[in-house]
Amino acid sequence: MFGLSPEWLLADGAPFVDALVLSHPEQVERLRAVCPEAVPSAVLAGDPCYDRLLAARHHRERYRRALGVRRGQRLVLLNSTWNPESLFGDGGAGDDRGGRDGRDGDVLPALLPRLTAELPADEYRVAAVLHPNIWYGHGPGQVRMWLDRARRGGLTLVDPLRGWRQALVAADVTLGDFGSVSYYSAALGTPVLLGAAGERVLGADSPLAAFVRAAPRLDPHRPLRPQLDAAVARHVPVPGPAELTSSAPGRSAELLRRAFYGLMGIPEPAAPALLEPLPLPPYEPPGRTAPVRVLTRLRGAAEVAVARYADPRDEPDAEGEAHTAVHEDTLDPALLTVADVIVREGAADDPRLGPPAAWAAEVLGRYPHCGLAAYVTGPGECTVRTRDGRVLVLTSGARDVDPAACASALFAWLAAGKGPEELAGGLTVWTGGTAHAVSVTRPGPGGPAPR
């Protein structure tokens, strides 16, 4: 167990700390086995990090909305500790620099673009938590550069100090390694799929090693979506992580304060000991500027199914009529010349871009191949202009579907020879098995249905 060996705890054969805080009696027994001289300094005081996670669970939906997770979406949270055998390292491939994914030996950077390319963008949201020492060791610029393609595909890098706990509470499935984030995730009852096990660096008799041995493994050679879906569908929470993370859940503030005031030799305050609650993170929706391959199917009267894949290297294995949607801020401006739909986000009154309809007219004039331009003005609304000059506003009252997906649905509707006047009652946009009601109106206060 890291940090509990004599070289970390003893000076001249005696403990140099007044109190060694541990979270569970199992740790005391491990300490007794490796460094019995330090046992008298051990204090059982639970786990304040775990207590903050438990106290924040009722804010789960808020944290999901902060990450831009919409109705019907599954949040996949990747995490890596800072060991060479971690998910961000070679995943335990050792000297085999081909790694387990057959690429350059770095597992996570190779997996991330596959996740954003293989998972339908409107059904999955992908975020990553990297250990602070990864950021410190390599530098933020280098880390962001390594993960640039995945970030353009919609990945969000979560703040490693202030946002990771909230993301953990929000997650539907964790793809991780042998670090503490995966263990906390399992303790919360979230399905965990391991991309790196680190069995060579763990004590064989430790709770973490037992968890790693039992957790399902990711096979990077196989398609990713079926494995993630299976991890969720087959998940049965195991009691070990929750039981061994803390022997006093919800009481760490009380126990820690008692220990601290006892060391100082003064009475405790009468007020209860409390932990700072987790703050609400900033709103960080996916920033998707990679080209998006869109597959659509007309399902019936005013209903369109949409499946979007960010930056796929191969044609997605799904049915439907295909078109390409490109963000105006794409890394490769040449893609705009072949885009069927061009998208951007901004405030409706942004003076740099002009009114949304004017921006759309400018885009259509510059790129004659483009059939529809969409200016996303908020989480549930966009203004679009069609090639024949009609300006329409698409609005999802519940804000539970990406307006860019609605724009692609409208493009497919028009490409099938349908008219916007047929959408007076609204358009139903399907993403996966979720239906979203979208109104289609002309711009202006209470704009009527298009004619």
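By class, how many nonpolar, polar and charged residues does the lining of the second largest cavity have? The answer comes below, after a walk through the structure as a whole.

This is a predicted model, in which local features need pLDDT of at least 70 and side-chain atom pairs count only at pLDDT 80 or more, while totals for chains, interfaces and linings use all residues. Residues are numbered from 1 along each chain as its sequence is written, and side-chain values use heavy atoms, with hydrogens and water left out.

The protein contains 16 helices and 18 strands, where helices (H or I, at least four residues) and strands (E, at least two) are DSSP runs numbered from the N terminus. Its C-alpha trace spans about 85 × 55 × 40 Å along the principal axes. Of the 451 residues in the protein, 51% are buried; buried means under 20% relative accessible area, exposed means over 50%, and partly exposed lies in between, with a 1.4 Å probe and protein chains only.

We turn now to the cavities. Rolling a probe the size of a water molecule over the atoms shows where empty space is left. On a 1 Å grid over the protein atoms alone, a cavity is a set of points where a 1.4 Å probe fits but cannot get out, and lining residues have an atom within 4 Å of a point. Grid points are joined across faces, edges and corners, and a volume is the space filled by probe spheres set on the points. Among the lining residues are Leu115, Tyr124, Val126, Gly153 and Arg288. By class, the lining of the largest cavity has 6 nonpolar, 3 polar and 2 charged residues, where Ala, Val, Leu, Ile, Met, Phe, Trp, Tyr, Cys and Pro count as nonpolar, Asp, Glu, Lys and Arg as charged, and the others, Gly among them, as polar.

The second largest cavity holds about 50 Å³ of space, and its lining has 2 nonpolar, 2 polar and 5 charged residues, which answers the opening question. The residues that line the second largest cavity include Arg70, Asp122, Arg288, Arg308 and Asp402. Alanine 398 sits in the loop between strand S16 (391–395) and helix H16 (403–415), and with a relative accessibility of 56% alanine 398 counts as exposed.

The next topic is charged pairs. Side chains of opposite charge can pair when their charged atoms come close. A salt bridge is a side-chain nitrogen of Lys or Arg within 4 Å of a carboxyl oxygen of Asp or Glu, and a search of the whole structure finds 28 of them. In one, the side chains of aspartate 229 and arginine 74 meet at 2.9 Å, N to O. Aspartate 229 lies in helix H12 (residues 224–233) and arginine 74 in strand S5 (residues 74–80), so the pair ties together parts that are 155 residues apart in sequence. Both count as partly exposed, aspartate 229 at 23% relative accessibility and arginine 74 at 24%.

In another salt bridge, arginine 352 and aspartate 350 have their closest N and O atoms 2.7 Å apart; arginine 352 is exposed, at 74% relative accessible area, whereas aspartate 350 is buried, at 10%.

Glutamate 268 and arginine 257 also meet in a salt bridge, at 2.9 Å, N to O. Glutamate 268 lies in the loop between H14 and S10, and arginine 257 in helix H14, 11 residues apart. Glutamate 268 is partly exposed, at 33%, while arginine 257 counts as buried, at 18%. These two residues belong to a network of salt bridges that links Arg251, Glu254, Arg257, Arg258 and Glu268.

Helix H14 (residues 252–264) also gives 3 residues, the largest share, to a nonpolar patch. This surface patch is formed by Val21, Phe260, Leu263, Met264 and Ile266, with about 480 Å² of accessible area together. Patches are made of residues with over 30% relative accessible area and no salt bridge, like charges being joined within 9 Å and nonpolar side chains (Val, Leu, Ile, Met, Phe, Trp, Tyr) within 5 Å. Accessible areas come from the Shrake-Rupley method with a 1.4 Å probe, and for residues only the protein chains shown count as cover. Isoleucine 266 lies in the loop between H14 and strand S10 (292–300) and is partly exposed, at 43% relative accessible area.

Technical notes: On a 1 Å grid over the protein atoms alone, a cavity is a set of points where a 1.4 Å probe fits but cannot get out, and a pocket is an open set with protein on both sides within 12 Å along at least five of seven lines; lining residues have an atom within 4 Å of a point.
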